Amino acid sequence: MFKGQPKGLYALALANTGERFGYYTMLAIFVLYLQAKFGYSTDQTSQIFGIFLGFVYFMPLIGGIIADKVGYGKMVTSGIIIMFLGYSLLAIPTADAGFGKYMMFGALTLIACGTGFFKGNLQVMVGNLYDAPEYSEKRDKAFSLFYMAINVGALFAPTAATVVTNYVLGKANFFYSAQIPALAHQFLNNAAEMSAENQATLATLQSAQGFVGDTKLFCEQYISQLSEAYNYGFGVACISLIISMAIYIVFRSTFKHADYNSKTAPKTNGNTVELTPQQTKSRIIALLLVFAVVIFFWMSFHQNGLTMTFFARDYTQPFAEGFTRIGFNVWNLVLIIIAVYGGFSIFQSETSKGKFISSIVTIASLLVIGYQFKTAEPTVNILPQIFQQFNPFFVVALTPVSIALFGYLASRGKEPSTPRKIGLGMLIAAAGFLILSIGSLGLPTPTELSQTGISPNQLVSPNWLISTYLVLTFAELLLSPMGISFVSKVAPPKYKGMMMGCWFAATAIGNYLVSIIGLLWGGMQLWMLWGVLIVCCLLSALFIFSIMKKLEHATE
């Protein structure tokens, strides 16, 4: 799987891993921060979240256009510096909510601009590594490995956010309770209009925190401490960017030769091949059609940071039991990943010594997992953001499975084309939300929940969300790394940066549309809400299969 790849791939992948760790640490707690710190409603939170995500993924289009003229490496370096400034602003606690909002929106603008300069252009350089004839056949596999590295960073992000949250709250003799922020803001805004049920719930939660005294003071102190905990979580992103920059600078010699555009491309590269105007037009149309489809995938997939986080907080049991509890310790997930890779290495190693070492590593990992399961507490308390670790875990664990499967199909001449993989991914995404729809049957609407609460007996098992993340990951592996590879391969040379930017612009539109589902989070039954996403995914799959021949012909 790793054999024969250029060294520059690993340097660029690790630089991206550090940046993504910081980004996903921030994203894991972002909507929780908005509601805890500022008391934003679900509609307001959804709008801010959607606009921010849209801006984050639109800016690579601007960054790509600029980089096509000034160079990709310069834009990557500038992006890291700008992102660092943004995360630094988010990490500063503010007592005044009004001034805090200005700082927050300024920080989000800087993060979006920095990401736009960094993300797409780094991936263009990865693609440039594979313009060399000796590496051209490894492009799809390389982007799968690159995508896996991104998710290594994302895997640890929710745990980092959770550890920081628990630590800061613990210093103030508090612990996390999902219900308190909303109830505290209700009380502070207008205690007289709170329902009797909500007042009683708040009193019970205050007592559970061990706080004796004025309820108003309790609400103010809890919100202040929780907001500060989230500020420290954002500070983690600053540290990760320093590491990312260090990797990028120290190992630049391994990918320096890939920092070229159409004007500076070396003569020995396939990049110098001229396309006719008709070929250029055909390729751009094919890419735009693919971009139109992926809009609806990202609209669905990035619910993980919004409505799926609401579902984790409001409708899911705040604890795990049985075998499920193993998954809420990130180090157990790492051991599972090691066992998976060790198992593949047993079959792929070319020497007896390699097979023996791989066997030992695999067996040792499984034994430690078994020990952890046997000695773990029978019940593990969980915070809503921790569910976001399952998607990157599944990506990392399933990447070798994906590579092996498509490698086998390729050897038999049966590997699906990239557009066909994207269509299959949309069908699988629909199946993922079908699981969540079934798990949501019989649950009260968010509006009903805010008025009367929910009985602990109605809270669903964490396994519903975990299963949904698993199926969505299968869809993601078929769509995202393959789509990025497709863009780097098909884009006309002089428009590479722009086309990679367009991929992210399509993602931006999908990310903004995420907020539509957030705006529906109110009086609509949850199973109907997920049903909207199912229909979007199915219609997108139908569209891409209907134009399949056109796409495959344009990319020949």
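The model shown here is predicted. The patch lies on the surface and consists of Leu434, Ile438, Leu441, Trp464, Trp527 and Met528. Together these residues have about 580 Å² of accessible area.

Take tryptophan 527 as an example. This residue sits in helix H18. Its relative accessible area is 41%, so tryptophan 527 is partly exposed. Patch residues need over 30% relative accessible area, so a value of 41% clears that cut-off.

Now turn to the charged side chains. Side chains of opposite charge can pair when their charged atoms come close. Across the whole structure, a search finds four salt bridges.

One of them joins glutamate 19 and arginine 20, with 2.7 Å from N to O. Glutamate 19 has a relative accessibility of 1%, so it counts as buried. Arginine 20 is buried too, because its relative accessible area is 0%.

Another salt bridge links arginine 313 with aspartate 314. Their closest N and O atoms are 2.9 Å apart. Both arginine 313 and aspartate 314 are buried.

A further salt bridge brings together the side chains of glutamate 415 and lysine 421, at 2.8 Å from N to O. Are these two partners buried or partly exposed? Glutamate 415 is partly exposed, because its relative accessible area is 32%. Lysine 421 counts as buried, because its relative accessibility is 1%.

Terms used: Residues are numbered from 1 along each chain as its sequence is written. This is a predicted model: local features need pLDDT of at least 70, side-chain atom pairs count only at pLDDT 80 or more; totals for chains, interfaces and linings use all residues. Side-chain values use heavy atoms; hydrogens and water are left out. Patches are made of residues with over 30% relative accessible area and no salt bridge: like charges are joined within 9 Å, nonpolar side chains (Val, Leu, Ile, Met, Phe, Trp, Tyr) within 5 Å. Accessible areas come from the Shrake-Rupley method with a 1.4 Å probe; for residues, only the protein chains shown count as cover. Helices (H or I, at least four residues) and strands (E, at least two) are DSSP runs, numbered from the N terminus. Buried means under 20% relative accessible area, exposed over 50%, partly exposed in between (1.4 Å probe, protein chains only).
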